[in-house]
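Subject: Structure handover

Hello,

Here is the structure for you to look over. My notes on it follow below.

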Amino acid sequence: MVLKRKRNAGRFRPGNRPGESTRVLISRARVRQRVRQMARQIRRDFPDDTLHLVGVLKGSVLFLADLARELGGEVSFDFLSVSSYGKSTHTSGEVKLIKDLDVSIESRTVLVVEDILDTGLTLKYLLRLFEERKPKHLRVVVLLDKFERRIADVHADYTGFTIPNEFVVGYGLDFDERYRNLPDVCILQFAQRPAKK
Ligand code: IMP
């Protein structure tokens, strides 16, 4: 089959709605390179363990998928879901478990995989929950760290990028369930900011 190059072929359309704009903060190439480095570092720290990746739905899905493919060795996954921001760009401060893990983490080497560490309230809640379940090792991997916004005293063991206090979307991160499919991490801007919840 002969493929003809179409006008705009290969150009990614971010799907902005009126009044919203996105600009690239971290390109897909930088993300790919950093994910590879993080995977190498994690494997060096746990060369012989089966790494049990616990993804926090839904934002971590693309990051977890890429990280898993770079890790090598034995890897398993599980997912859980906690309350999210919904249509707001501000956290309610309350964390609720919506879907628990499918399998026990007892005696496993667990890596909690988060898209972004913001106030840290979600992670604090998860670490308390998981520590009670007696994993062999419990470590935290985050792609992005918005450290200026931290409220809870938590930190990640492996961090991809520290970023400024901006609302970001793409590479799994959403605003109102949109933009998760952007290949780059982008800053979302509003012509007129939506009302805080
Ligand atoms: P935290 O509990 O405030 O640390 O928030 C963690 C969760 O809030 C993340 O897993 C994201 O789902 C969401 N979140 C925080 N900041 C952003 C952002 O800039 N864009 C999209 N989601 C965000």
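R150 is partly exposed, because its relative accessibility is 23%. D145 is buried, because its relative accessible area is 10%. Please keep in mind that this is a predicted model.

**Other salt bridges**

How many salt bridges does a search of the whole structure find? The search gives 13. Side chains of opposite charge can pair when their charged atoms come close.

R69 and D66 form one of these pairs, with N and O 2.8 Å apart. Both residues sit in helix α2, which covers residues 61-71. They are three residues apart, about one turn of the helix. R69 counts as exposed, because its relative accessibility is 63%. D66 has a relative accessibility of 27%, so it counts as partly exposed.

K99 pairs with D102. Their closest N and O atoms are 3.3 Å apart. K99 has a relative accessibility of 27%, so it is partly exposed. D102 is at 61% relative accessibility and therefore counts as exposed.

There is also a network. Salt bridges link K58, D174, E177 and R180.

**The network residues and their loops**

K58 lies in the loop between β2 (51-57) and α2. The peptide bond that leads from L57 to K58 is cis, with omega near -10°. For reference, most residues other than glycine have a negative phi, and most peptide bonds are trans.

D174 is in the loop between β8 (168-169) and β9 (185-190). Its side chain reaches two backbone nitrogens. That of D176 is at 3.4 Å. That of E177 lies 2.7 Å from a polar atom of the D174 side chain. Setting aside neighbours within four places in sequence, D174 is in contact with F167, V169 and R180.

E177 also lies in the loop between β8 and β9. E177 is not a glycine, yet its phi is positive, about 70°. With a relative accessibility of 43%, E177 counts as partly exposed.

Y171 is placed in the loop between β8 and β9 as well. Its phi is positive too, about 50°, although Y171 is not a glycine. Is Y171 buried or exposed? Y171 is buried, because its relative accessible area is 7% and the cut-off for buried is under 20%.

**The ligand site**

Which residues come closest to the ligand? They are D115, T119, G120, T122 and V168, out of 16 residues that surround the ligand. By class, this shell has seven nonpolar, three polar and six charged residues.

Two elements, β5 (109-117) and α3 (121-131), each supply at least two residues of the shell. β5 gives the most, with four residues.

- D115: an N or O atom in its side chain is 2.7 Å from an oxygen atom of the ligand.
- E114: a polar side-chain atom lies 3.0 Å from a ligand oxygen atom.
- D118: a polar backbone atom is 2.9 Å from an oxygen atom of the ligand.

On its own, the ligand has 490 Å² of accessible area, and the protein covers 92% of it.

**The chain as a whole**

The protein chain has 197 residues, and 43% of them count as buried. Its secondary structure comes to three helices and nine strands. Along the sequence, the pattern reads β-α-β-α-β-β-β-α-β-β-β-β.

Among contacts with a separation of 6 or more, 69% join residues 24 or more positions apart. The chain exposes about 11,500 Å². Carbon and sulfur atoms supply 47% of that area.

**Where to look**

Then go to the loop between β8 and β9, where D174 is found. Finish at the ligand, with the side chain of D115.

Best wishes

How values were computed:
Residues numbered from 1 in each chain as written. Predicted model: local features only at pLDDT ≥ 70, side-chain atom pairs only at ≥ 80, totals over all residues. Heavy atoms only, no water. Near = heavy atom within 4 Å. Polar contact = N/O pair within 3.5 Å; in protein donor to acceptor, adjacent residues only side chain to side chain. Areas by Shrake-Rupley, 256 points an atom, 1.4 Å probe, with all protein chains shown as cover. Nonpolar A, V, L, I, M, F, W, Y, C, P; charged D, E, K, R; others polar. Salt bridge = Lys/Arg side-chain N within 4 Å of Asp/Glu carboxyl O. Buried < 20%, exposed > 50% of the residue type's maximum accessible area, 1.4 Å probe, protein only. Contact = heavy atoms within 4.5 Å.
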